[in-house]
Amino acid sequence: MRDSHRAEAERLLARAVEEEVRRSGGRSDGKVLLARARGGLDAMARSASEEYEAYTRALDEAAAGQLTFGQRYAREGAGTPLLVAGVAAVAAVVADLALGTDTGTALGAGVTVGVVGAAATVVKVVGSHLPAASRRAGAASQPGGPEQLRLQWLTALEVRGIRPFLDQQRVLAASTGPKKTGPRLRGTDKSAAARGRNVLEQSFGQLPEPAEPFAGRRHELAQIRQWVQAARASTETQPTVVVLHGSPGSGRTTLAVHATHDLKDYFRGACVVDLRSDGPGESPLSTRDALLHLLNRLGAPREQLLFRERSSPDQQVKRLGELYHQHLTGLPVTVVLDDASDAEQIRALIPERSDSLVLVTARGPLEPAGLPARVHQLAVAPLDAAGAEELLGAAAQDRSGPYDAESADRVRELCGGLPLALRIAGSCLGPRSPRALATDLAAYGPVEPVERALWLRYTDQPDTVRRLLRRLALAGRASLGAAAAAALMATDEAEAKRHLQTLTGAGLIDHVRGDRYRLHDLVRSFAQARLLDEEDPAERTAAQERLIVNYAELADSVLRMVDGNMSTRTNRFSPYGFTSLDEALRWLDDESSFITAALRHAEGVDQAAVLNLLGALCDYCLLRGDLYRLGEISELAQAVDEGLLVRSVQWRTGIAARQLGELDKARTTLASVVDLYREAHHDAGAARALCSLGITLHHQGNLTEASAKLREALALQASPELAVDRAWTMHALAAVERDRARVAEALELLTESLVLHRAGESVHGQAWAHFQLGQLGLRMGDVPRAESELRAVRGEAWTLYYLGQALEETGDLDQAVRELERARTMFSRMRDVYGLACARHHSARVTRDQRAAQTGSLRNSGFARQLLVDARADFQRIGVAHGEAWTCLELAVVDGGNARTQQALALCDEAVELFASYGDRRGEDWARFLRCTLLPYAAPGGMEVGTAVAQEELAQLSRASHELRDRKLDDYLDAYQLLLERGVTLEAGWQAWRLGMVPNRHAREVMGVAVESNA
């Protein structure tokens, strides 16, 4: 390709890449894509080689018959005309000299004659050259001319070369991104996208609550808000980084958390990462672990969080960084990077391709050079006199004492103006006067301000409260609840909760959220020092062991409510009185992060207790689909390097791999676990791993080997204490033998497994056994038995379904959603399409209403809409027009509330046809009414035409009243007619939802079909 033509092709390539980046919404990296495209330009050009050859051939032909001005002048003007001009010039000189003219004048006249002659020659040549050039330009643009062939070449290059290359890059980007998962873990959402949205919405609930009292930082909050607003007003997509720097105890983290809550409406999610740079005796959090934590909190694909690569640390950080930046492209979130040490530590954690806010807390200013972000430095200085006085007053127990400005200034001076020290010291105002407080603080001599306040309040507490504060240091940096405090103190939860509240009132511990508390780093260092000085090592170890044993019992009792007395927890723990499974799981949700942290500090604790807690926590991770924590526990077990720990965690990891559809990885992992258990002569563990391996082989279609592994497991589970494990292996083997057409053996295995599950009190196992017995009955042609077995499972699903509806009536939408989701899961497992469609329909309605109650609009109804789309497809597949029609109306409500009025109008028209198909006049009236409410916003003729048509159709609907009509609809018809008469505006949006003029659950319960009675 010629150089000039290559430059033209590269310009075309650059325009195509720019368009591709715009099409991707900024997700594609334009610089990388353009570099790749330039590297492949020669290959792209070969696809248009035929057109390029025709173009260059036409150029060469045109050039062959084309004379340049110089060539034409040489041919027409460089010969005789110039000779004539020269002769005329010489003749003029000679004539002038002959006539007596002086030499200078004669030479000047000769030169003038020569120049005029030459100029006349040039004019003549130009006069002949310009028409010829014009004729050539016209010919170049004619069909078959060089210009047209140039356009044909560029078009062919774009269509056959550039566009296929960009399409290929798009496919490669999709294939190297997050992979689609296989079967989902229990309790997960339908789609990864819906899960991501839910996790983002919930991320604000995971933030620490704003610490109180909070004073003296209004200017800093206003400055951060101003920077965020300025960034939002800019057209350039860049994160805003605010470095909050100040000494420990100055309130950096508190300010960052307050700012995150204050600016919540600007962002879609938030996360706090503790980088642990100032922790005594602790190494800073690695970039890899920080990225994993951020990805987990901000809704990244689950499988990326379980399988921790065995590549080098640098390669892992690079891959996780790419995933992090890709996940947050165009997604504005708030990230708090707490306790950073240097600029390099935070560089990889700043999302570069979004309008996110990154709040960094550090001891000194940090300048991440070369970072494409708006970086601001904000000093968090000690409080001034007014701020300190405000904080002391807010922290005081009693503010009724006389005002003492001098003592307040002295207290501020002794506390160094640090909010932490002032809050702790101020908590004793009331029983102490300001003067007494200043005197007591000064009595501790030359110590650090925070330590001075800590000593004062520590000595104020009774012995039991001081003991709890010391032992809370054993919990590390994680938050904890009353159960952990009770275990550390060997007391009951009620007393432990009172002590925690006492410590909170004294400012010695921070309230995180709900019933969760944690120690400030400086307080934890103080408590750790007091623990080492004032308690024996044996007492410390006993408290830590009590903590782990207590949590193992609690966690295991939760899981026994799900899976019964499996061998990992048979006859070991007593029940703990949770009122429901959901209450138990919510408790474990709150405590899981603390449990993981506690396991990191289990030196000297009985390893059997650690193993029990670890096993229960792994089972919880599988139950909840928390693969991030399962991966974290796997790494923790390998770091501890206790054989039984590693085997237990790897077994659960293999199960998670199977549930994600990673069957080859699951098979490899489980096979290695079987070998590990055998080497350790641990028959129960080997049998469980063999059972899981057999199920994996069954999923891979290897029935013979699956049967062999499961029978091998049964042989190891012959002892009575492994009866429930044996039951699970039996119905797994029964499924394999059923698929091998050995029906009689499968029936025998399932019958025995059902007996064992009942004896082991495993409701989950009984449900699965009934389900497989039902499937086997259908395979045998025994329909009555199949129906009976499936009803044993199906009845529970319908009970949950109606319970969810009843909870909706009471207004408990959160619990209603949970029950309907459980029903949906059970119907899905049973392949009950009708039940699944009904559960999806009502779960979507309640989820939509729940989100709307939280946000005041229907904007966050994406997951509900997906459920409705699936429910409509199910109803359509089984031919239930009633369900499909009402689902269309619910979809129309969601679309109307999201300004998709044309789609909503089309759905109402489809619902009208569906209701009319089986004569449901009640439903048809609702569909026509909703259609009228949408017409002003979606009619092709505009708002005026739509309003006029809506008024006419509403009048017709009012006149066509009948007995089957919903009585509420008559009132709505009159009200909406009045609304249309007063006028509607497009800016206000669709009004029917805000006015409550949409069908509720009761509207669809009555089918408005006329019934003819036979006399």
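Reply: Happy to. Let's start with α43 and α44, which are roughly antiparallel to each other because angles over 145 degrees count that way. Their axes cross at roughly 155° and come within 10 Å. Residues 943-959 form α43 and residues 967-982 form α44. Please keep in mind that this is a predicted model.

As for handedness, α43 passes α44 in a left-handed crossing. On the α43 side, the contact is made by Thr947, Ala950, Gln951, Leu954, Ala955, Leu957 and Ser958. From α44 come Leu973, Tyr976, Gln977, Leu980 and Glu981. Sorted by class, the residues of this contact are seven nonpolar, four polar and one charged.

Helix α31 brings Arg688, Cys691, Ile695 and His698 to the contact, while α33 brings Asp725, Trp728, Thr729, Ala732, Ala735, Val736 and Asp739. By class, this contact has six nonpolar, two polar and three charged residues.

Leu722 is worth a stop while we are here, in the loop between α32 (703-716) and α33. With a relative accessible area of 8%, Leu722 falls under the 20% cut-off and is therefore buried. Its C-alpha atom is separated by 10.0 Å from that of Arg688, a residue 34 positions away along the chain. Arg688 is also one of the α31 residues in the contact with α33.

Now for a strand. Val242 sits in β1 (residues 240-245) and is buried, with a relative accessible area of 0%. Setting aside neighbours within four places in sequence, Val242 touches Ile224, Trp227, Leu357, Val358, Leu359, Val360, His376 and Leu378.

Helix α21 (residues 463-472) is mostly covered, with seven of its ten residues buried. Among the buried residues are Val465, Leu468, Leu469 and Leu472, and the list also includes Arg466, Arg470 and Arg471.

Ala490, between α22 (482-489) and α23 (493-505), has a positive phi of about 55° although it is not a glycine. Ala490 is exposed, with a relative accessible area of 55%. Ala899 lies in the loop between α40 (881-897) and α41 (901-917), and has a positive phi of about 65°, again without being a glycine. At 56% relative accessibility, Ala899 counts as exposed.

Of the 1015 residues, 50% are buried. The accessible surface comes to about 45,800 Å², and carbon and sulfur atoms account for 52% of that. Among contacts with a separation of 6 or more, 70% join residues 24 or more positions apart.

How values were computed: Residues numbered from 1 in each chain as written. Predicted model: local features only at pLDDT ≥ 70, side-chain atom pairs only at ≥ 80, totals over all residues. Heavy atoms only, no water. Axes fitted to C-alpha atoms, helices over the stretch in contact; angles between N-to-C directions. Helix = DSSP H or I, 4+ residues; strand = E, 2+ residues; numbered from the N terminus. Parallel < 35°, antiparallel > 145°, perpendicular 65-115°, else oblique. Left-handed = near helix turned anticlockwise from the far one by under 90°. Contact = heavy atoms within 4.5 Å. Nonpolar A, V, L, I, M, F, W, Y, C, P; charged D, E, K, R; others polar. Buried < 20%, exposed > 50% of the residue type's maximum accessible area, 1.4 Å probe, protein only. Areas by Shrake-Rupley, 256 points an atom, 1.4 Å probe, with all protein chains shown as cover.
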